[in-house]
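Subject: A structure for you to look at

Hello,

Here is the structure I promised to pass on to you. Please open it beside this email and look up each residue as you read.

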Amino acid sequence: MSTDTFKLLARYNSHANQEMGRVLADLTAEEWNKPLGGYFPTISSLASHLFSGDLAYLKRFAALRPFAYVDHPLFGRTIEKGEILFPTYADYESDRKALDALYTRFAGELTPEDLGKRLRFKNYQGVEQEKDFGGLVLHVFNHQTHHRGQISLYLDILGKKNDFSGIAPLV
């Protein structure tokens, strides 16, 4: 893994979220909150999970060393596990864009030395963990892709045309 890989993944993440947002912006509040199955049964619950997970990992990553991206007001936000944060897509949109910009900043700050380090943190259950930092960063971007796939399936169920998963436009 290289820092260039993570810069590409950050750009892809932002691009895919923007493309997905074009579809989500047209959903009614009923569609946004409609139970469609799965562990996260609604698009709003998936969006809340993605946002809270991404923010939690950025906070964890800040323990590795001082990063400039932590100066953003989102870092003062506390989120309860399972909390539905966004009643509508419009509520989600600006926070998602801000978080994507933070991931782009974060990727730009990564050094090759960072990627080889270990990160100590507590998981959601409060259990102390130590993991490969580069692997955790890769996990976060994979996590995004995984859940965008779930949202795509939910959009298919709702009869909404969608195709926002390709990385090819960015390489």
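Below is what I found, going from the whole chain down to single residues.

One thing to keep in mind is that this is a predicted model.

**The whole protein**

Let's begin with the secondary structure: the protein has six helices and two strands. If you walk along the sequence, they come in the pattern α-α-α-α-α-β-β-α. The radius of gyration is 16 Å, close to the 16 Å that the globule rule gives for 171 residues, so the protein is as compact as a globular protein of that length. Along the principal axes, its C-alpha atoms fill a box of roughly 45 × 40 × 25 Å.

How much of the protein is buried? Of the 171 residues, 46% are buried. The contacts are worth a look as well: among those with a separation of 6 or more, 72% are between residues 24 or more positions apart. As for the surface, the protein exposes about 8700 Å², and carbon and sulfur atoms supply 54% of that area.

**Charges and salt bridges**

There are 20 positive and 21 negative side chains, and the centres of these two sets lie 3 Å apart. Side chains of opposite charge can pair when their charged atoms come close. How many salt bridges does a search of the whole structure find? The answer is eleven. I picked out three of them for you.

*Arg 96 and Asp 54.* In this salt bridge, the closest N and O atoms are 2.7 Å apart. The pair links distant parts of the chain, with Arg 96 in helix α4 (residues 89-109) and Asp 54 in helix α3 (residues 43-61), 42 residues apart. Are these two residues buried or exposed? Arg 96 has a relative accessible area of 4%, so it counts as buried. Asp 54 is buried too, at 1% relative accessibility.

*Glu 93 and Lys 97.* Here both partners lie in helix α4, four residues apart, which is about one turn of the helix. The closest N and O atoms of this salt bridge are 3.4 Å apart. Glu 93 is partly exposed, with 31% relative accessibility, and Lys 97 is also partly exposed, with a relative accessible area of 46%.

*Glu 130 and Arg 118.* This salt bridge has its closest N and O atoms 3.3 Å apart. It joins distant parts of the chain: Glu 130 sits in strand β2 (residues 128-132) and Arg 118 in strand β1 (residues 118-122), twelve residues apart. Glu 130 is partly exposed at a relative accessible area of 38%, and Arg 118 is partly exposed at 47%. This pair also belongs to a network, in which salt bridges that share partners join Arg 118, Arg 120, Glu 128 and Glu 130.

Ala 107 is buried, at 1% relative accessibility. Leaving aside neighbours within four places in sequence, Ala 107 is in contact with Phe 6, Lys 7 and Ala 10. Arg 120 is 13 residues from Ala 107 along the chain, with 19 Å between their C-alpha atoms.

*Glu 113.* Look for this one in helix α5 (residues 112-115). Is Glu 113 buried or exposed? The cut-off for exposed is over 50%, and Glu 113 has a relative accessible area of 54%, so it is exposed. Glu 113 and Asp 4 are 109 residues apart in sequence, and C-alpha to C-alpha they are 13 Å apart in space.

Enjoy exploring, and write back with any questions.

Best wishes

Definitions and conventions:
Residues are numbered from 1 along each chain as its sequence is written. This is a predicted model: local features need pLDDT of at least 70, side-chain atom pairs count only at pLDDT 80 or more; totals for chains, interfaces and linings use all residues. Side-chain values use heavy atoms; hydrogens and water are left out. The radius of gyration is taken over C-alpha atoms; the globule rule is 2.2 Å times the number of residues to the power 0.38. Buried means under 20% relative accessible area, exposed over 50%, partly exposed in between (1.4 Å probe, protein chains only). Contact means heavy atoms within 4.5 Å. Accessible areas come from the Shrake-Rupley method with a 1.4 Å probe; for residues, only the protein chains shown count as cover. Lys and Arg count as positive and Asp and Glu as negative; His and the chain ends are not counted. The place of a charge is taken as NZ of Lys, CZ of Arg, CG of Asp or CD of Glu. A salt bridge is a side-chain nitrogen of Lys or Arg within 4 Å of a carboxyl oxygen of Asp or Glu.
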